[in-house]
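Visitor: Please take a close look at one part of this structure, and then set it in its wider surroundings.

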Amino acid sequence: MKRDVLKFRKSDLLAAALVLLAALLTCALLPRLMQTGEFASVYQDGRLIRRVPLTVDQTFSVTGDYTNTVTVKDGKIAVTVSDCPTNDCVHQGWRSSGGAIICLPNRVEIRLPSDGTVDISVP
Amino acid sequence: MKTITLARSALLVAMALALSYMERFLPLQLIVPLPGVKLGLANLVTMMALYFLSARQGFVILLLRCVLGSVFYGGLSGLAMSLTGGILAYAVMAAAKKSGSFSVYGVSILGAAAHNLGQVLAAGMMMGSVYTLFYLPFLLLTGLLTGVITGSAAAFAFRALRGTKLDALTHTA
């Protein structure tokens, strides 16, 4: 069957929809597949247990002798709830860079991305 | 090669170069401030070659216009981008045309999308980074629009050629 190649067809609309779908899909999936920006590294007993992108809002728990609830929001990270005795980690508040949030009783260390200053602490 | 094919090919290469040069004066970047956004009018020539000459000859014309374009104004990094984008777009358009299920609009839209994908991949390879992929959704959206525009231009141009000698070279797919 010969059809006029100069007339817009339904299949053209399908092609356009396909491209639109591809654009939306890549838009939705790319940030998830490739987490950009800064990460916080969660260590427990000196072992890296989790790398957390600060760009993705989330909440998770780190359980050891105690349980720390860690929340990431608006590029900042904090231990929001902890059942450890002193709650020092919670009191360190929302941080985004430089140093670490530490919960000694739970032996958890959340290392934050460098803020550009020289770290002089002894490892 | 027949002399007439040579003459037509040379004409199309010249047309493509003129179009992509003209396109540089359209301030499209003001509307969509993204690197690599362009109307892609030269693609019109690729489509003409595809429809009026042959898939093989169209490919030769594409390579020629990419190389010559980089000699005149694109530069070497531009060559890598336009070659990757161009070849990918060409493969997709040739396949879409051959399938017979799309009009010039569909072929142009798919070609534009393929070109954008190729561009982003080439940029990624040059920068050694996958983060150029983040441009893809935006480029695909603008590509959809420019694909429709170029497709309309193709339909307009092809329609104008109806009844001329060139018309004998298929208007159906």
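**The core and the interface**

Guide: The largest nonpolar core has 37 residues, of which B:Met47, B:Met48, B:Tyr51, B:Val104, B:Val107 and B:Phe158 touch the most other members. Such a core is a set of buried Ala, Val, Leu, Ile, Met, Phe, Trp, Tyr and Cys residues joined through side-chain atoms within 4.5 Å; buried means under 20% relative accessible area, with a 1.4 Å probe and protein chains only. The model is predicted: local features need pLDDT of at least 70 and side-chain atom pairs pLDDT 80 or more, whereas totals for chains, interfaces and linings use all residues. Residues are numbered from 1 along each chain as written, chains are lettered from A in written order, and side-chain values use heavy atoms, without hydrogens or water.

In chain B, helices 1 (3-23), 3 (42-52), 4 (55-99), 5 (104-127) and 6 (136-160) each supply at least two residues of this core, helices being DSSP runs of H or I, at least four residues long, numbered from the N terminus. Helix 3 of chain B gives the most, with nine. Another core, of 17 residues, lies apart and includes A:Val42 and A:Ile101.

Between the chains, contact (heavy atoms within 4.5 Å) takes 24 residues from chain A and 27 from chain B. A:Asp12, in helix 1 (residues 10-33) of chain A, has a side-chain polar contact with the side chain of B:Ser103 at 2.3 Å; this term denotes N or O atoms within 3.5 Å, one able to donate a hydrogen and the other to accept it, and residues adjacent in sequence count only if both atoms are side-chain atoms.

How values were computed: Buried means under 20% relative accessible area, exposed over 50%, partly exposed in between (1.4 Å probe, protein chains only).
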